[in-house]
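Please look at the sequence and structure first.

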Amino acid sequence: MLKVEDIHVYYGAIYAIKGISLEVSQGEIVTLIGANGAGKTTILNTICGLIKAKSGQIRFEGKEITGVATQELVKRGLTQVPEGRRIFANMPIYENLELGAFLNKNKKEVAAEIEKVYDRFPRLKERKNQLAGSLSGGEQQMLAMGRALMSKPRLLLLDEPSMGLSPILVKDIFSIIKELNQQGTTILLVEQNAKMALSIAHRGYVVETGRIVLAGDAENLLNSSEVKKAYLGG
Amino acid sequence: MEEFIQQLINGISLGSIYALIALGYTMVYGIVKLINFAHGDIYMVGAYLGFFAIAILGWPFLPSLLMAMAVCAVLGVVIEKLAYKPLRNAPRIAALITAIGVSLFLEYSMMLLVKPEVRSFPQVLSDVQYNLFGSLVISSRQVIILVVTIALMLLLQYIVHKTMIGKAMRAVSHDKQAAQLMGISVDNTISFTFAIGSSLAAAAGVLVGIYYNAINPLMGIMPGLKAFVAAVLGGIGIIPGAMAGGFLLGIVEAMVSGYGKSLYRDPVAFIILIIILIVKPAGLFGKNVREKV
């Protein structure tokens, strides 16, 4: 479904991504794990067109998408829940969700999608008229995910959904991710919480300073000594 | 007391002009973080377009107003595309200097085009003086200025809060990347913002032409700066702030001139700017934004 081939990305003079290739097949949860600053977010942002790669190729559902504008990719079924949620804090919850369906001009469909999000996250429904900025961290994460779902993505990129959340909430969020996947959304998940990520993913890649150093089935990675030593605390 | 209310009436009609121009400043700043110093000149171009329609084509008031607004909307979009868009990722000072360049370009191109002399606006609207409670006077033109301004402000509030493009404007102004991830085109949204801001300035230009009867190619400089003061006073980037700042500044100026100190009118406006920057730089409506992790 998604095929990234040998992309190189620079931030000004900084060489951030040094030739990364990865693949996500339909129906999978694939995770990118690695330490802070390894380049995981940069990879996601390059895939969804927020950053341009210097070289390399990205294909989505067989079509080349390198250099295609972000909003066009959303139209084609690829979107991202960004790191730090990036919700529209000064707007009410329902407006955040409406904006998630910006490209859908059919008001009835949008209203129906909003109801679906409310069913998935009842907390959001209770607070639909509240400003998004007044939500707790976990609720904001739910809103960010609900907002992304409004565009009915076939491939959803998730950047650090567990960031800053309590262990119980992390568990909730991860079970929702799993549920989304079972309902047909393919997922590329970036996480620092390697254990949680590998526990729900089918496959994983380990990223270190702009390169992929290890790849394989989630289970194998979870049990590999390198991953254990580096990311799972022995 | 009567004198006070009289000046209040004058101040509100002057202030509504400032408010219309300030809205464009504040919307553009909110979305691209640029003080568009050419904005006052769009107002001037709007006044000339109104003059052209009324004096030369002989159009009535309303079609002339709408034509000036439409043409200036296009002008604003073209200026953004040609002058500011290439500098969107450049340091902000580069865009600011460009804005001053665009301002001078508009002023002196207009001089070339329409000659530098002052032109008197034709009397398109009859000027009737209404007496209120005996000695208070309000002119029909003041009433029209106020009605048009308030109608435009209501329309703007509707667009910004109720339509999807308005919501997109707020989203882009809050977080451009997140907005893109919703499928919003940042370029189109910025164009739309320039179009709306410029058309409001054009409306102000036509109204001023009718109110003061005189227009010239440099007429945009001072009201442009005053509207900038109004936008900062209300809190730059905040739409209700620009409206309040405009009315407040107009009232203060009317009071200063009404009580015989008209020479101090301009200094007072800029003293307000200095004070607000020292005391409450976020403006009257501004607040510190808290972020949650």
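A:Ile33 has A:Val206 of β9(A) as its bridge partner. The model is predicted, so local features need pLDDT of at least 70 and side-chain atom pairs count only at pLDDT 80 or more, while totals for chains, interfaces and linings use all residues. Residues are numbered from 1 along each chain as its sequence is written, and chains are lettered from A and ligands numbered from 1 in the order in which they are written. Helices (H or I, at least four residues) and strands (E, at least two) are DSSP runs, numbered from the N terminus.

**Strands of chain A**

Strand β9 (residues 203–208) of chain A has five of its six residues buried. A residue is buried if 20 or more other C-beta atoms lie within 10 Å of its own, exposed if 12 or fewer, and partly exposed in between, with C-beta atoms placed from the backbone. The table gives strand pairs of chain A; two strands pair if DSSP finds at least two bridges between them.

| Strands | Sense | Bridges |
|---|---|---|
| β3(A) (residues 29–33) and β9(A) | parallel | four bridges |
| β9(A) and β10(A) (residues 211–217) | antiparallel | six bridges |
| β1(A) (residues 2–11) and β4(A) (residues 55–60) | antiparallel | five bridges |
| β4(A) and β5(A) (residues 63–64) | antiparallel | two bridges |

**Positive phi angles**

Most residues other than glycine have a negative phi. Where does A:Thr209, with its positive phi, lie? A:Thr209 is in the turn of the hairpin that β9(A) and β10(A) form with two residues between them, and its phi is about 35°. With 14 C-beta neighbours inside 10 Å, A:Thr209 counts as partly exposed.

The hairpin of β4(A) and β5(A) also has two residues between the strands, and there A:Glu61 takes a positive phi near 50°. A:Asp6, by contrast, is found in strand β1 of chain A. Phi of A:Asp6 is positive, near 50°. A:Asp6 is partly exposed because 13 other C-beta atoms lie within 10 Å.

**Contact between the chains**

In chain B, 17 residues are in contact with 24 residues of chain A, contact being C-beta atoms, placed from the backbone, within 7 Å. On the side of chain B that touches chain A, two or more residues come from each of α6 (164–174) and α7 (176–181) of chain B. α6(B) gives the largest share, six residues.

Terms used:
Two residues are in contact if their C-beta atoms, placed from the backbone, lie within 7 Å.
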